[in-house]
Amino acid sequence: AAKVAYELAKRQRNSFDVHLFSAHRKRNDAWSHEIGKSTAPRGVNYHLLNIAQNQFGYQDALRTEPLSLRADSRFAEAAIVHLHNLHGGYFSYGILPQLCENRTVVWTLHDEHILTGHCAVTLNCQKWISGCGRCPDLNRYPAIKKDGTAFWASAKKEWVNQIRPHLVAPSSWLLDKLKTAFPNSDQLHLIPNGVDTEVYEPKDRKAARLKFGIPENAFVLLFAAELGTNNPFKCGNVIHELIRHYADNEEVRIVTIGKEDSP
């Protein structure tokens, strides 16, 4: 999500005055800024805030540091606000109506957090359709300790409806879920994530296979995910099964890309 947000902002700056605000600034670009760096709570108050949110199920409701953006001229003058992932311990959905008032809002989604009472990935759970409540897995990312999912699912939907965003899904699968969650919205869009064709372009297939020791006529299955096959949300266990199944088959090669992968 962070990479997509950065690349979009970088390319848009070719035509517009764009500034990127995030929880953690990892690049030195003059147009990239860290939210609430000077006003974020510290010390005892900071830890008490975390305890209150975790123990009482407030999630990120008390994270109002981004309200400081209203005093930032670069944000205050913006006609369009483009949102990405807001979960992660730095942003309260409840401040959206104040922060986005009288602005056009675009929200590019990278998971299902906007649909649920707490989790970012629903897997096979369908409770988000009825408004969550009695969550079967409080430990699913982002984890919570007290179940307030029915309230938060309802509240989040209300806050989202107030700002009337253009919701952008990178896949038809997620777009279909948005249509279920926001049936009255006429601002749902399908825009797949882009590919930098200056980096990813057709190469010499035969030379590539020779470099990586892949037989010229072998069938290749490519799997790419953060954390590799250890990613709990990308069915890495299926890849492990395929690796074991085709271990002695010279006609099949399985290639995985990702950090912290299993051998």
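Which residues form one aromatic cluster? Phe151, Trp152 and Trp159 do so in this predicted model.

**View 1. Stacked pair of Tyr6 and Trp31.** The ring centres of Tyr6 and Trp31 are 5.3 Å apart, and the planes meet at 25°; the pair is therefore classed as stacked, given that planes under 30 degrees apart count as such. Tyr6 belongs to helix 1 (residues 2–12), whereas Trp31 is located in the loop between strand 1 (20–22) and strand 2 (32–34), so the contact ties together parts that are 25 residues apart in sequence. Tyr6 is buried, its relative accessible area being 8%. Trp31 also counts as buried, at 10% relative accessibility.

**View 2. Tilted pair of Trp152 and Trp159.** A distance of 6.2 Å separates the ring centres of Trp152 and Trp159, and their planes stand at 45°, so this pair is tilted. Trp152 has a relative accessibility of 12% and counts as buried. For Trp159 the value is 19%, which is likewise counted as buried, because the term applies under 20% relative accessible area. Together with Phe151, Trp152 and Trp159 make up one aromatic cluster.

**View 3. Lys156 over the ring of Tyr93.** The charged end of Lys156 is placed over the Tyr93 ring, at 5.0 Å from the ring centre.

**View 4. Lys157 over the face of Phe182.** Here Lys157 lies over the aromatic face of Phe182, and the distance to the ring centre is 5.8 Å.

Terms used
Residues numbered from 1 in each chain as written. Predicted model: local features only at pLDDT ≥ 70, side-chain atom pairs only at ≥ 80, totals over all residues. Heavy atoms only, no water. Phe/Tyr/Trp six-rings, centres within 6.5 Å; stacked < 30°, edge-to-face > 60°. Helix = DSSP H or I, 4+ residues; strand = E, 2+ residues; numbered from the N terminus. Buried < 20%, exposed > 50% of the residue type's maximum accessible area, 1.4 Å probe, protein only. Lys NZ or Arg CZ within 6 Å of the ring centre and 35° of its normal.
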